[in-house]
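Let us walk through a protein model one piece at a time. Keep the sequence beside you as you read.

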Amino acid sequence: MSGLSIGQLAARAGVNASTLRYYESVGLLPAPERQNGQRRYDEQLLERISFIKIAQQTGFSIQEIAILLEGFETSGPLSERWEQMAKQKRSQLEERKKQVDWMIQILDSGLSCKCLTWSECLKKIETTGSR
């Protein structure tokens, strides 16, 4: 048989087989070919699954991921609607990135700080911007 079984694809993608079936059911993955009743997947789907996982981890909903992958289902200027959604999500990600960067700075400061308590360290960071 050619192609990967659902178990093989799931293992290589680092997800459960049930996740792949779910992605199929919501339209994030195309319906696979079937050989002797078994799903057979193209290895190239690994890139798509990786994209889906990253999008989910960064806060995209399933609907938003579907739009990123395939566009809007309704009629209308697809590129304008896609661009609007992409700009909004990008702005949200930039804000989240600032929060993550700030938390990394706090943790780095805490790891190298000689303060006796976390509150003392945090106060020093807030007033001086350093440890």
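Start where I6, L9 and A10 in helix 1 meet A17, L20 and R21 in helix 2. Contact here means heavy atoms within 4.5 Å. Helices are DSSP runs (H or I, at least four residues), numbered from the N terminus. By class, this contact has five nonpolar residues, no polar ones and one charged. Ala, Val, Leu, Ile, Met, Phe, Trp, Tyr, Cys and Pro count as nonpolar; Asp, Glu, Lys and Arg as charged; the others, Gly among them, as polar.

This is a predicted model: local features need pLDDT of at least 70, side-chain atom pairs count only at pLDDT 80 or more, and totals for chains, interfaces and linings use all residues. Residues are numbered from 1 along each chain as its sequence is written, and side-chain values use heavy atoms, with hydrogens and water left out.

How do the two helices pack? Helix 1 (residues 6-13) and helix 2 (residues 17-25) pack at an angle of about 100°, their axes 8 Å apart. So helix 1 is roughly perpendicular to helix 2 (65 to 115 degrees). The axes are lines fitted to C-alpha atoms over the stretch in contact, and angles run from 0 to 180 degrees between N-to-C directions.

Now look inside. The largest nonpolar core has 18 residues. Such a core is a set of buried Ala, Val, Leu, Ile, Met, Phe, Trp, Tyr and Cys residues joined through side-chain atoms within 4.5 Å. L9, L20, Y23, L29, I49, I52 and I65 touch the most other members. Helix 1, helix 2 and helix 3 (45-57) each give two or more residues to this core. Helix 3 gives the most, with five. Take I52: leaving out residues up to four places away in sequence, I52 touches Y23, L28, L29, I65 and L69.

The side chain of E24 makes a polar contact with the side chain of R39 (3.2 Å). A polar contact is a pair of N or O atoms within 3.5 Å; within protein, one must be able to donate a hydrogen and the other to accept it, and residues adjacent in sequence count only if both atoms are side-chain atoms.

Finish at helix 4 (residues 62-70), the place of E64. The side chain of E64 makes a polar contact with that of K89 (3.2 Å). E70 also lies in helix 4. E70 is exposed, because its relative accessible area is 53%.

How values were computed. Angles under 35 degrees count as roughly parallel, over 145 as roughly antiparallel, 65 to 115 as roughly perpendicular and the rest as oblique. Buried means under 20% relative accessible area, exposed over 50%, partly exposed in between (1.4 Å probe, protein chains only).
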